[in-house]
Amino acid sequence: MQIPLFGNLNLDAGLGINANQIVNISSVPLRSPFRYAGGKTWLVPLVRRWLNHKGGSDTDLVEPFAGGGIISLTAAFESLVRSVTMVELDEDVAAVWKIILSDDAYWLADQIVSMELTPQSATDAINRSGLSLRDRAFATIVKNRVNRGGILATGAGFVKLGEGGKGILSRWYPDTLKKRILEIHRICGKVTFIHGDAFETCSRFAAQSDKIFFIDPPYTVAGRRLYTHSQVDHPALFELVDTFRGDFLMTYDDTNDIRNLASSHHFAVRSVPMKSTHHATKHELLISRTFEWLDT
């Protein structure tokens, strides 16, 4: 049975959002330096509502599949929680966060604004990724900006036409990237980054009631073509989440297997609309213990 949408409940009075509306991401502050495949900018208004009920100055947010980090960044910038912990297994993505949260953020920002981007200079930067942590971070930003859909997984090629026929320049905004990187660096005291395994970190924090979790794993259908580390033991993840003392909010693709996993753990499920990168309307799942924070 298809679980209905929330109805016409106003989720964010400031943005005029309700659950039957697809969020216009231009209404949400874009804080991440990544254009991340599967990113959750569209979900920010709903997560704000969740954090306004479950977060606060005595609560820490853990994001074990951080990726582009928009949820953690929103929570930190808007002081919706005391602190955030971002966890990412991918070595390239981790390099970016490590550099941004260190004094090397200034070096990375300067490298971006001083680069004259061409197919050759992009290729050269990407080929230098193994020389140092700095070079890996810079190469990852370049690759993320010049590859189709921002995909970092092996096999993704450069943008060909891009917006307005600009090719790889269509997503290269050096001044904007510099600004985002330095703004994140300025709040680095609120952010802990862990280059590691999501399961290990979640297990470490599972018994702590002051930790709440936003969990956005690689999806069961599209994950393998989007991410380097796409294999997740989803049943084991649900088992682990069921041990949390703190609250959690999970997002998933809407499949019978995921609905059955949620049902077997007596988790609540809601379906929310979003627009894909191809501008098609689709529905994804929110999963939590309860949606009283949403339904009241």
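Author: Let's start with a term we'll need: a disulfide is a pair of cysteine sulfur atoms within 2.5 Å. Keep in mind, too, that what you're looking at is a predicted model.

Reader: Okay, so by this rule, how many disulfides does the count come to?

Author: General idea before the case: a disulfide is a covalent bond between the sulfur atoms of two cysteines. Here the count comes to zero. Cysteine 202 is buried, with a relative accessible area of 0%, while cysteine 188 is partly exposed at 26%.

Reader: Can we step back? How many helices and strands are there in the protein chain?

Author: The chain has 12 helices and nine strands. It runs to 296 residues, and 54% of them count as buried. The exposed surface comes to about 13300 Å², with carbon and sulfur atoms supplying 49% of it.

Reader: And what share of the contacts with a separation of 6 or more comes from residues 24 or more positions apart?

Author: That share is 69%. Leucine 101 gives you a case to look at. Find it in the loop between α3 (91-100) and α4 (105-114). Isoleucine 184 is 83 residues away along the chain, yet the two C-alpha atoms are separated by 7.4 Å.

Reader: Which residues does leucine 101 touch, not counting those up to four places away in sequence?

Author: Leucine 101 touches Ile184, His185, Cys188, Val191 and Phe193.

Reader: Is leucine 101 buried or exposed?

Author: The cut-off for buried is under 20% relative accessible area. Leucine 101 has 18%, so it counts as buried.

Reader: What about a lysine? Is lysine 40 buried or exposed?

Author: Lysine 40 is buried, at 4% relative accessibility. Look for it in the loop between β2 (17-18) and α1 (44-54). Leaving aside neighbours within four places in sequence, lysine 40 is in contact with Ile70, Ile71, Phe214, Asp216, Tyr219, Thr251 and Glu284.

Reader: Now for charges. How many salt bridges does a search of the whole structure find?

Author: The idea is that side chains of opposite charge can pair when their charged atoms come close. In this model the search finds 15 salt bridges. One of them joins arginine 48 and glutamate 78, whose closest N and O atoms are 2.8 Å apart. This pair links distant parts of the chain, 30 residues apart: arginine 48 is in helix α1, and glutamate 78 is in the loop between α2 (70-77) and β4 (81-88). Arginine 48 is buried at 14%, whereas glutamate 78 is partly exposed at 26%.

Reader: Where do aspartate 60 and arginine 82 lie?

Author: First, their side chains meet in a salt bridge, at 2.7 Å from N to O. Aspartate 60 lies in strand β3 (residues 56-63) and arginine 82 in strand β4, so the pair ties together parts that are 22 residues apart in sequence. Aspartate 60 is buried, with a relative accessible area of 7%, and arginine 82 is partly exposed, with 37%.

Reader: Which residues are linked with Asp60 and Arg82 in a network of salt bridges?

Author: Asp210 and Lys211 are the others in that network. Arginine 134 lies in helix α6 (residues 133-146) and aspartate 104 in the loop between α3 and α4, so parts 30 residues apart in sequence are tied together. Arginine 134 is partly exposed at 33%, and aspartate 104 is partly exposed at 24%.

Reader: Last topic: rings. How many aromatic pairs does a search of the whole structure find?

Author: The search finds eight aromatic pairs. Take phenylalanine 291 and tryptophan 293: their ring centres are 5.6 Å apart and their planes are at 45°, so the pair is tilted. Phenylalanine 291 is buried at 2%, and tryptophan 293 is buried at 0%.

Reader: Which residues form one aromatic cluster?

Author: Phe213, Phe238, Phe244, Phe248, Tyr252 and Phe267 do. A ring can also have a charge over it: the charged end of arginine 204 sits over the ring of phenylalanine 205, 5.5 Å from its centre.

How values were computed:
Residues numbered from 1 in each chain as written. Predicted model: local features only at pLDDT ≥ 70, side-chain atom pairs only at ≥ 80, totals over all residues. Heavy atoms only, no water. Helix = DSSP H or I, 4+ residues; strand = E, 2+ residues; numbered from the N terminus. Buried < 20%, exposed > 50% of the residue type's maximum accessible area, 1.4 Å probe, protein only. Contact = heavy atoms within 4.5 Å. Areas by Shrake-Rupley, 256 points an atom, 1.4 Å probe, with all protein chains shown as cover. Phe/Tyr/Trp six-rings, centres within 6.5 Å; stacked < 30°, edge-to-face > 60°. Lys NZ or Arg CZ within 6 Å of the ring centre and 35° of its normal. Salt bridge = Lys/Arg side-chain N within 4 Å of Asp/Glu carboxyl O.
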